[in-house]
Amino acid sequence: MKSLKFGLIGTGFMGKAHAIALRSVGTAFPSVPSPVLACLVDSNAERASSLAKSWGFAQSSTDWQGLCTDPDIDVVDICTPNHLHKEMALAAIGAGKHVYCEKPLALTTKDAAEIAQAARAAGVRTSMGFNYMCNPLIELAKQAIESGEIGEIFSFCGNYQEDYLSDPATPFSWRCLRAQGGHGALADLGTHLINMAEYLLGPIASVMGSMTTVHRQRPDPASGEMRNVENEDIAQALVRFACGCTGTMDISRIATGKKCGLTFEIFGSKGSLSFDQERMNELRVYKTSDDEKLRGYRTILAGPQHPDYAAFCPAPGHGLGINDLKVIEVKNLLKSIENDEAIFSDFDNGYRVQMITDAIYDSSNESRWVNTEAAAN
Ligand SMILES: NC(=O)c1ccc[n+]([C@@H]2O[C@H](COP(=O)([O-])OP(=O)(O)OC[C@H]3O[C@@H](n4cnc5c(N)ncnc54)[C@H](O)[C@@H]3O)[C@@H](O)[C@H]2O)c1
């Protein structure tokens, strides 16, 4: 496969993570040609220009529309605030580009469906930024479930808790606006948890949600004036999977002390699995088949026996980090383009995640169970 030319839009938290991954993927995975870092775009011209130099991009620009239609660009990589994803993704797809987009795909189910449909019709390859599912230990958990090693699955108990807005003095940002950040913590963190749950256990069929805003005002970073927060700090849901198992989800951006608390426990008839992203190199497994005297949760450390780990390190227990998960995510996208095959976390998955997000929101507003396929707006 030829080296693909990437145009990256956005130079914040995720822009940097994507740039690191684009630069590293060919080193970690020599079977994929290193991407060409063709152009870095940001609305702030000075930032785009100086970061393009330090991150190794050939050019910089403030014109994302121009990037999307540039015949020299193969893949458009979107790392901008949530409300910009739709317009940018549709422009890139319209110009026949492959698209890599941070989560969530859009702000509404209708918009996410439109983007996923456009990508399918154009025949381009897509990837969402659902990096946590790229952990080699998540693959191991999936295999343990699918092989029947932990038996019939009874329940899923998942959380995604962080504390980045637990202090009410933390300034207002785009994440606090419904029209830019979507449904608050649910859009920001819950989307990762929904993706993870469906990756491991299959489709979520119905949900019963409850959402709350605790800190209703925050200071504007420029004026210091208090502004109304428009979306929710906490989202909780009961979920029912199509496979018959039930689950709970607790999602919060004000969970004091939690830094990246994406956790899940899965209970089955023959065992259990337990994972915590803050200890992302450990998977805890319990098996009823163990000798009773020695039975208990064992901790499996990530190592080269778990596919994709060895690309980074030959020694077990030394550990991967979040940027390594992004490298694996980029490798998966490049392989998807090379083989012209869809990956799990493509825009169709982005659409499903948005549909379930909206179902939890609708359910909370209407105090009733909502079937996920019925959530349409
Ligand atoms: N996958 C993950 O784990 C993860 C983590 C954090 C954020 N995200 C997602 O990544 C996206 C970006 O979040 P972030 O934390 O990097 O935000 P950020 O605020 O740090 O960065 C956003 C960037 O977009 C740029 N930008 C804004 N409007 C633009 C425009 N019109 N044209 C060009 N550039 C523009 C800003 O200047 C900034 O550089 C969001 O959708 C967020 O949900 C994903």
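The protein has a mean pLDDT of 97, and 99% of its residues reach 70 or more; pLDDT is the predictor's confidence in each residue, from 0 to 100. This is a predicted model, in which local features need pLDDT of at least 70, side-chain atom pairs count only at pLDDT 80 or more, and totals for chains, interfaces and linings use all residues. Residues are numbered from 1 along each chain as its sequence is written.

**Confidence by element**
- Helices (H or I, at least four residues) and strands (E, at least two) are DSSP runs, numbered from the N terminus.

**Ligand shell**
- The ligand is surrounded by 22 residues, of which Gly10, Gly12, Phe13, Met14 and Glu102 are the closest; a residue counts as near a molecule if its C-beta atom, placed from the backbone, lies within 6 Å of it.
- Helix α1 (residues 13-28) supplies the largest share of this shell, three residues.
- The shell has ten polar, eight nonpolar and four charged residues, where Ala, Val, Leu, Ile, Met, Phe, Trp, Tyr, Cys and Pro count as nonpolar, Asp, Glu, Lys and Arg as charged, and the others, Gly among them, as polar.

**Domains**
- An automatic or database domain assignment gives the bounds of domain 1 (5-130) and domain 2 (132-321 + 352-366).
- The centres of the two domains, taken over C-alpha atoms, are separated by 25 Å.
- In domain 1, 14 residues are in contact with 18 residues of domain 2, contact being C-beta atoms, placed from the backbone, within 7 Å.
- The side of domain 1 that touches domain 2 has nine nonpolar, four polar and one charged residues.

**Nonpolar core**
- The largest nonpolar core has 101 residues, and Ile78, Val99 and Leu193 have the most contacts inside it; such a core is a set of buried Ala, Val, Leu, Ile, Met, Phe, Trp, Tyr and Cys residues joined through C-beta atoms within 7 Å.
- Helix α8 (residues 184-201) gives the most to this core, ten residues.
- Both domain 1 and domain 2 give residues to the core, so it lies between them.
- Beyond four places in sequence, Ile78 touches residues including Gly10, Val99 and Glu102.

**Val41**
- Val41 lies in strand β2 (residues 36-41).
- Val41 is buried, because 30 other C-beta atoms lie within 10 Å; the cut-offs are 20 or more for buried, 12 or fewer for exposed, and partly exposed in between, with C-beta atoms placed from the backbone.

Definitions and conventions
Contact = placed C-beta atoms within 7 Å.
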